[in-house]
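Colleague: I would like a close look at one spot in this model. Please start there, then carry on through the rest.

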Amino acid sequence: MSRVLMIGAGGVATVCAFKMVQNQDVFSELMIASHHKDKCDKLVKAIHDKGYKMDIKTAEVDADDVEQLKQLIGSYKPELVINLALPYQDLTIMDACLACGVNYLDTANYEPKDEAHFEYSWQWAYRDRFKKAGLTAILGCGFDPGVSQVFTAYAAKHVFDEIIDLDIVDCNAGNHHKAFATNFNPEINIREITQKGLYYENGKWIETDPLAVHKALTYPNIGPRESYLMHHEELESLVINFPTIRRARFWMTFGQQYLTYLDCIQNLGMSRIDEVTYEAPLADGSGKMVKVNIVPLQFLKAVLPNPQDLGENYDGETSIGCRIRGIKDGKEHTYYIYNNCKHQDAYKETGMQGVSYTTGVPAMTGAMMFLKGIWRKPGVYNVEEFDPDPFLKVLGEQGLPWHEIHDGDLEL
């Protein structure tokens, strides 16, 4: 019997929950907890309405509050906590897991609320504590980060003696038919995109202006799309765990309309993450005015479309993979390993669009690897530090098949 607590009830959590109930031979007991219990109850209803039978418990918890988390984890006693809440909450959830003697998995690395900056150092600092407690913490088990690192580990194991150049390429060629919307939490999404670019070359990290470096890349079944160099967290661990890498970069596609809106949002100050004082009427209808502090980006999130509601009219597909140059038996070769995911296929199965699907399925897969004892060792680990083969086998079986191109043109 494996008991799992999933924290979060958004798009990724919805997909992860659907995948867990499809695999009840591994996931026998499940609780879903969120800041709003009604969102958890709505998710459980959606699962049952699709005909799946499983007694799923729900709970309300403030994931910023370690004591609340400890109380919930201590009362439910799960074997594993799957953290699909906000990246701001990674450390409080890890603290609660340590206090309660429970294992941990997430899909995105920690970032502080008051600074648009993310790196693994905060979570890597927990290594000794998890190791001494005999607990496993699996970091970044989504698609990128996540599958992109497993793809790299697979290439290192089966294709190359040395990896030289690594380019992670992420294309969303879907259309949600909205003027402007983000495919996951708008606050996290916009913070990430408006940061300076960062890539690794010859032992050094090189910074660029946001979205300043770009070029057209051709994606399978999609065609050419303008792709922008960005900072992405998985590069940080990959260049450590595969020290032969000479250059590592991350690229993501954006449409011109999206970038135009993003430029306006920045110029208007709506991407700010500092507080602004604003006078507004109370919501009780009394007509009384009150001064409140609002964060412009959080207010923008409240008025933008909810990523969970994009799926129904979303068409097209995503294409995410790794383009790698390396050495095998003294000769240079190229290798491209990737997955394409159709938004409508994801929606028919889970009610969510493809971006949520490509993160939620790997989260479930990583949890399955842990519960089966395949990815289980005391300490804090990035996913490329485990055996990639069983993970990729399950990933393909669970709706995200992967493909390979040997010695093709990487375009990079």
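At N221, is the residue buried or exposed, and at what relative accessibility?

Modeller: N221 counts as exposed, because its relative accessibility is 62%. The cut-offs are these: buried is under 20% relative accessible area, exposed is over 50%, and partly exposed is in between, using a 1.4 Å probe and protein chains only.

Before going on, two notes on method. This is a predicted model, where local features need pLDDT of at least 70, side-chain atom pairs count only at pLDDT 80 or more, and totals for chains, interfaces and linings use all residues. Residues are numbered from 1 along each chain as its sequence is written, and side-chain values use heavy atoms, with hydrogens and water left out.

Back to N221. It sits in the loop between β10 (214–219) and β11 (223–230). Strands and helices here are DSSP runs, numbered from the N terminus: helices are H or I with at least four residues, strands are E with at least two. The backbone of N221 deserves a look too. Its phi is positive, about 70°, although N221 is not a glycine.

K77 can be read in the same way. Phi of K77 is near 55°, again a positive value in a residue other than glycine. K77 lies in the loop between α3 (66–76) and β4 (80–83). It counts as exposed, at 59% relative accessibility.

Find K53 in the loop between α2 and β3 (56–60). From K53 to I7 is 46 residues in sequence and 21 Å in space, C-alpha to C-alpha.

Now turn to the buried side. L72 belongs to helix α3. At 11% relative accessibility, L72 counts as buried. Leaving out residues up to four places away in sequence, L72 touches L5, M31, A33, A59 and V61. Touching, or contact, means heavy atoms within 4.5 Å. L72 and Y336 are 264 residues apart along the chain, and their C-alpha atoms are separated by 43 Å.

T107 is a buried loop residue. It lies between β5 (103–106) and α5 (121–124), and its relative accessible area is 15%. Beyond four places in sequence, the contacts of T107 include N83, L84, C141 and P145. A cis peptide bond joins D144 and P145, with omega about 10°. P145 is in the loop between β6 (136–139) and α7 (147–158).

A whole helix can be enclosed as well. Six of the eight residues of α9 (residues 234–241) are buried, so this helix is largely enclosed by the rest of the structure. The buried ones are E234, L235, E236, S237, L238 and V239.

Next come the cores. A nonpolar core is a set of buried Ala, Val, Leu, Ile, Met, Phe, Trp, Tyr and Cys residues joined through side-chain atoms within 4.5 Å. The largest one has 87 residues, and M6 and I82 touch the most other members. Helix α13 (residues 354–371) gives the most to this core, with nine residues. A second, separate core has 29 residues, among them M31, I73, I93 and C97. In soluble globular proteins, nonpolar side chains tend to be buried together.

Finally, look at how helices pack. Take α1 (residues 11–21) and α2 (residues 37–49): their axes come within 10 Å and cross at roughly 45°. Axes are lines fitted to C-alpha atoms, for helices over the stretch in contact, and angles run from 0 to 180 degrees between N-to-C directions. That makes α1 oblique to α2. Angles under 35 degrees count as roughly parallel, over 145 as roughly antiparallel, 65 to 115 as roughly perpendicular, and the rest as oblique. A13, T14, A17, F18 and V21 of α1 meet L43, A46 and I47 of α2.

The second pair is α12 (residues 343–350) and α13. They pack at about 65°, with axes 8 Å apart. These two helices are therefore roughly perpendicular to each other. On the α12 side, H343, A346, E349 and T350 make the contact, and on the α13 side G354, V355 and Y357 do.
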